[in-house]
Amino acid sequence: MFWADKIAASSHQEELVNDSKTPSGRVHVGSVRGVIIHDVMYRALKRAGKPVKFTYGVDDYDALDTVPHYLDKEKFSPYLGYPLCNVPSPDENAPDYAKYFMGEFLEVFEYLGVKAEIYYLRDLYRSGKLNPYIDKFLNHAQDVREVYRDVSKADRANNWYPFQVICPNCGKIATTNVTDYNGSEVFFTCKEDATDWVKGCGHQGWISPFDGNGKLPWKVEWVAKWDLVGVTMEMAGKDHSQKGGSRDVANAICRKVLHKKPPFHSPYEFILVNGTKMSSSKGVGSSAKDMADLLPPELLRFLMLRTQPKTVINFAPNYETITRLFRDYDNLLNQYAQLQKENENVELDRTLLPLFYAQLEEEIKPYYTFDISTLISLLQVPHLDLKAEIEKRAETELTDYDWEKINERIAVAKKWLEDYADEEEKLVIYFDNIPETASGLSDEQKQYLTKLKENLIALEKWEGEELQTALFTATKQLGISPSVAFPAIYYSFLGKERGPKAGYLFSYLDKDFVLKRLEEVVK
């Protein structure tokens, strides 16, 4: 059984699935994993006929603790320590900093078909909805201190209270320390040395903690949100789920102070983003919006779902990773299409459910899965009629829907070549002259090219698989290692040691051109 369906099967009550994010900058693609995991839990519960809601909280009362490198440091540094919702927007398209970056992320939600009810912490604080919880936790400050000490081994002073005021003098929330509560007001100090990244102003005094004048520490706030919103299920990343970590602290506070059972929880692993493109001068690749701009929504959802939540996703938008992602998706889609031919009512098993939950709607609609790696190569062959070449290579007559999906993939291939491909991943064919690298071929490599030319002349079908077989046949006939033989091909046509599968490379090229080049190189 698929992991989300197991969770749904164990449910015996009305469920509210919740997730949240602090919009401190461009939202990393890793955050999409949590969104999709919770979305699929919601969908699985609905599919099982269980009553369920899906909410997503925006933690916009958190402090701005760093200025992202892509923003004007001089403009935003004065706002360090401010609640994110009180920091100005980077441009005029949003009312504030938090709404600006959350707006970009919500575009990704819509793109991925995620239909969560969005709520902002500013509204919960300013409307007074969190007032009873603020009062409760301030009155039980000693219990909260004990949880911090016992669960996370973090000692809090006897006069520490779980609340941070927005300083009425300087506007910072990160620098204030509350040391007393009289039932209606707290005593606070805006401490100069509260953090090592921003200084407080030294202001102190009594102020009401209610109606948006400050916030609970986030581990305590987490508990208040659970109870106020009615959360029954909320997963958390590995960093928050370790023994003695944030989730353990929140669970203990929930039990000790509210005397309630915490929501269902299971940890999920990170997405590790590798590759130089993540930190390139173009600045593309690491944000959720970047990946949404590159991948079709079903593929981005599938990226998050083809592995179990507790398995690390190691992702970088290089050639190998992108083409494997499409290949894995295509294999499942083609498997489903074959089963559908045999039986219109396909029973979705654990193998096919990642494909099912990757769809924007609750329907798998098969189409002709034209290979993305072939498209990447074809786009780089000059003077090629792409549409005609695709029609020639397709194994069936293409429908309008097939072309819609193929054109979608062409857009992916073009964007990948423009923004992500390293030079060695690009296909630059030397049509007009022989690359200089071919002059360094060994006698053994030249013998291989001669034998290959003989085999290619006799070849009846000029197609990728047949050509690939001919390449290997020549190595066996001569007893030469492919690791020695194949670079000779790439040096002769591409001017470098590696490239795409050489048989498929030849299939993109005119047969006479290939034979002539092989003859010229071995002279």
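This is a predicted model: local features need pLDDT of at least 70, side-chain atom pairs count only at pLDDT 80 or more; totals for chains, interfaces and linings use all residues.
Visitor: What does UniProt say about 404-521?
Guide: The unreviewed UniProt entry annotates residues 404-521 as "domain: Aminoacyl-tRNA synthetase class I anticodon-binding"; such annotations may be inferred rather than shown by experiment.

Visitor: And where does it put the "coiled-coil region"?
Guide: The unreviewed UniProt entry places that feature at residues 322-349, a stretch that is 75% helix and 0% strand, with its end C-alpha atoms 25 Å apart.

Visitor: How do α13 and α17 cross?
Guide: The axes of α13 (residues 319-342) and α17 (residues 400-419) come within 12 Å and cross at roughly 165 degrees, taking axes as lines fitted to C-alpha atoms over the stretch in contact and angles from 0 to 180 degrees between N-to-C directions. The two helices, α13 and α17, are therefore roughly antiparallel (over 145 degrees; under 35 is roughly parallel, 65 to 115 roughly perpendicular, the rest oblique).

Visitor: Which residues make that contact?
Guide: From α13 they are Tyr-319, Ile-322, Phe-326, Tyr-329 and Asp-330, and from α17 they are Arg-409, Val-412 and Trp-416, with contact meaning heavy atoms within 4.5 Å. By class, the contact of α13 with α17 has six nonpolar, no polar and two charged residues (Ala, Val, Leu, Ile, Met, Phe, Trp, Tyr, Cys and Pro are nonpolar, Asp, Glu, Lys and Arg charged, and the others, Gly among them, polar).

Visitor: What about α18 and α19, at what angle do they cross?
Guide: The axes of α18 (residues 443-458) and α19 (residues 464-478) come within 9 Å and cross at roughly 130 degrees, so α18 and α19 are oblique to each other. The residues of the contact of α18 with α19 include Leu-452 and Leu-456 in α18, and Leu-467 and Leu-471 in α19.

Visitor: Switching to strands: what is the order in the open sheet of three?
Guide: The order is β5-β6-β7, with antiparallel pairing (two strands pair if DSSP finds at least two bridges between them), and the edge strands are β5 (176-181) and β7 (204-207). Strand β6 (residues 186-190) pairs with β7 over four bridges, and Thr-189 has Gln-204 in β7 as its bridge partner.

Notes: Residues are numbered from 1 along each chain as its sequence is written. Side-chain values use heavy atoms; hydrogens and water are left out.
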